[in-house]
Amino acid sequence: ELNDNFSFNPNKSLNLFKKNMKIKNIKFAHDEKNLILDNLNLKIEKNDILGICGETGSGKSTLVDIICGFRYPNSGSIFFDENNVNLAGTHLLNTSYVSQNISLIEGSIKENIAFGVNKEKIDEQMIIQSLKDAKIYDFVNQLPDKLNSNLFELASNLSGGQKQRFSIARAYYFAADIIIMDEPTSALDPRTIKDLIDILKNKGKTVIIISHDEHTLDICNKIFKIENKSLKQLK
């Protein structure tokens, strides 16, 4: 359980990621015969727009899980500005994972965006700005109950792109330093992705885009491909 110093507070920053993140000599295996990542190294500079591609089953999701703190490697370390956080797990609060589907709770749009924040402490103006930056505010503003509309009940009528925009709005609200986007081209058109990336760059965010197709990552300033359980830089 997180203590008060590590609560989900969008106005509080852990300041872990000021210059770079280094993944050093990472190895991960489900068992002795199933090595997924082997001696993998990666340096991510603040404000990078970084792409990671690879075949299905190559280890993309495993690498993302390690970056997010969902999995611990069998060996190796993760550093933020030379601080080893591999065992602390506090970097969970510095990353936001934008999947193809937002995880919904039975509640309003603002409760879903400010997920985990006490209702009385939700900053509605920050919610509105986050929705605007994610290019989904006009849709919300046309709903009868606007921010109080039940997102769970709307889910079946939402497109994949709309769900992904809500995920992005949640990432904006919590001011994540690192935003990981999983296959954004499956739900968003290239122009929309570029606009969203430009906003993230202007906000000083670091973005990691995961895709099975390297050709969808042209917007990135660095592109890596997982091959033979390690990383090969393509750009």
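Residues are numbered from 1 along each chain as its sequence is written, and side-chain values use heavy atoms, with hydrogens and water left out. Because the model is predicted, local features need pLDDT of at least 70 and side-chain atom pairs count only at pLDDT 80 or more, while totals for chains, interfaces and linings use all residues.

**Cores**

A nonpolar core is a set of buried Ala, Val, Leu, Ile, Met, Phe, Trp, Tyr and Cys residues joined through side-chain atoms within 4.5 Å. Buried means under 20% relative accessible area, exposed over 50%, and partly exposed in between (1.4 Å probe, protein chains only). The largest nonpolar core has 42 residues, and Ile109, Leu131 and Phe166 have the most contacts inside it. Helix α6 gives the most to this core, with six residues. A second, separate core of 26 residues includes Ile36, Val64, Ile78 and Phe224. In soluble globular proteins, nonpolar side chains tend to be buried together.

Contact means heavy atoms within 4.5 Å. Not counting residues up to four places away in sequence, Ile109 touches residues including Leu131, Val140, Leu143 and Phe166.

**Helix α3**

Helices (H or I, at least four residues) and strands (E, at least two) are DSSP runs, numbered from the N terminus. Helix α3 spans residues 124-133, and its buried residues include Ile127, Ile128, Ser130, Leu131 and Asp133. The cover over the buried residues of α3 includes α2 (109-113), α4 (137-141), α6 (160-173) and α7 (190-202).

After α3 comes Lys135, whose phi is positive, near 60 degrees.

**Rings**

Rings of Phe, Tyr and Trp (its six-membered ring) pair if their centres lie within 6.5 Å; planes under 30 degrees apart count as stacked, over 60 as edge-to-face and the rest as tilted. The structure holds one aromatic pair. Tyr173 and Phe174 form this pair, which is edge-to-face, with 5.4 Å centre to centre and 85 degrees between the planes. Tyr173 is buried at 1% relative accessible area, and Phe174 is buried at 18%.

A charge sits over a ring if NZ of Lys or CZ of Arg is within 6 Å of the ring centre and within 35 degrees of the ring normal. Two such cases follow.

| Charged residue | Ring | Distance to ring centre |
|---|---|---|
| Lys132 | Tyr137 | 5.3 Å |
| Lys203 | Tyr172 | 5.6 Å |

**Cysteines**

A disulfide is a pair of cysteine sulfur atoms within 2.5 Å, and by this rule the count is zero. Cys53 is in no disulfide, and the nearest cysteine sulfur, that of Cys220, is 9.4 Å away. That distance is too far for a bond. Cys53 is buried, at 1% relative accessibility, and Cys220 is also buried, with a relative accessible area of 1%.

**Gln233**

Gln233 is found in strand β10 (residues 230-233) and is partly exposed, at 47% relative accessibility. Leaving aside neighbours within four places in sequence, Gln233 is in contact with Lys222, Ile223 and Phe224. The C-alpha atoms of Gln233 and Ile223 are separated by 6.0 Å, and these residues are ten apart along the chain. The side chain of Gln233 reaches the backbone oxygen of Lys235 at 2.8 Å.

Notes. Polar contact = N/O pair within 3.5 Å; in protein donor to acceptor, adjacent residues only side chain to side chain.
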